[in-house]
Amino acid sequence: MRAITFFVCLCCLVACSTSPNQSKFNNPKQAEFDSIVQTYHNKYGDTFNDIVIKELASEYKVKVDSFFNATKIENWGMMLQGLEVKDKMVGDTLYKCVTFDLKNGLDIVPRITFKSMYLTKAASCNADSTFAKLKSIGNLDKVRFSGFLPKYNDSYISDNPLNMSYCDLSLIITDISKTR
């Protein structure tokens, strides 16, 4: 009986201790970005020195900036939350401005959020394929998307240390679709 118990415990230990080699993202660039965020989040959580934390935050900002300078956001997968549409007047043209968050999940730390926006002319919004796709996506649906990050003050992210745990980036959507 002891041998069977020992064998079952050994099997459970081996099954729990081996990590799968499969990434949680199908897109290698998205997995690479997630790895950057995870690495700095872990370093931040292990550091209790304000000088080191500020150095880490600056290093993290440089790493994120260089990543997005070299990488396009194409076919990334996340969860959509809080979709809103508002009318915006730019000059004499009325636009539909759709805003929403794309998140790596709920209650996940480190959290990655893309504060996203899609803009289309109101007069032709019904003929706009991306706008039509957005109309069919519900809150908390998983989506695939492409887009680009606008730079602010020649950077994508600030050097605030909280960005290592709660990474918020702005994103302009060029395409989006609901995943099944």
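The legends below describe close-up views of a predicted model of one protein chain.

**View 1. The whole chain and its confidence.** Residues are numbered from 1 along each chain as its sequence is written, and side-chain values use heavy atoms, with hydrogens and water left out. Because the model is predicted, local features need pLDDT of at least 70 and side-chain atom pairs count only at pLDDT 80 or more, while totals for chains, interfaces and linings use all residues. The protein chain has four helices and five strands, where helices (H or I, at least four residues) and strands (E, at least two) are DSSP runs numbered from the N terminus. Along the sequence they follow the pattern α-α-α-β-β-β-α-β-β. The average pLDDT, the predictor's confidence in each residue from 0 to 100, is 88 for the chain, and 87% of the residues score at least 70. Where pLDDT is low, predicted coordinates should not be read in detail.

**View 2. The barrel of five strands.** The strands close into a barrel in the order β1-β2-β3-β5-β4, with mixed pairing. Neighbouring strands of this sheet are turned by 50° against each other on average, direction ignored. Two strands pair if DSSP finds at least two bridges between them. Strand β2 (residues 93-103) and strand β3 (residues 111-121) pair in the antiparallel sense over nine bridges. Thr 99 has Met 117 in β3 as its bridge partner.

**View 3. Two helices across the strands.** Helix α2 (residues 28-45) lies across β1 (73-90), β3 and β5 (166-178), and runs at about 85° to β1. Helix α3 (residues 50-70) also lies across β1, β3 and β5, at about 90° to β1. Axes are lines fitted to C-alpha atoms, for helices over the stretch in contact, and angles run from 0 to 180 degrees between N-to-C directions.

**View 4. Aromatic rings, with Phe 33 and Trp 76.** A search of the whole structure finds nine aromatic pairs. Rings of Phe, Tyr and Trp (its six-membered ring) pair if their centres lie within 6.5 Å; planes under 30 degrees apart count as stacked, over 60 as edge-to-face and the rest as tilted. The rings of Phe 33 and Trp 76 have centres 6.0 Å apart and planes at 35°, so this pair is tilted. Phe 33 belongs to helix α2 and Trp 76 to strand β1, 43 residues apart. Phe 33 is buried at a relative accessible area of 1%, and Trp 76 is also buried at 1%; buried means under 20% relative accessible area, exposed over 50% and partly exposed in between (1.4 Å probe, protein chains only). Ring pairs link Phe 33, Phe 67, Phe 68, Trp 76, Phe 114, Phe 145 and Tyr 156 into a cluster.

**View 5. Pro 28, in helix α2.** Pro 28 is exposed, with a relative accessible area of 65%. From C-alpha to C-alpha, Pro 28 and Trp 76 are 9.3 Å apart in space, and they are 48 residues apart in sequence.

**View 6. Ser 165, in the loop between β4 (142-148) and β5.** Ser 165 counts as buried, at 6% relative accessibility. Not counting residues up to four places away in sequence, Ser 165 touches His 41, Tyr 44, Val 109, Pro 110 and Arg 111.

Methods. Contact = heavy atoms within 4.5 Å.
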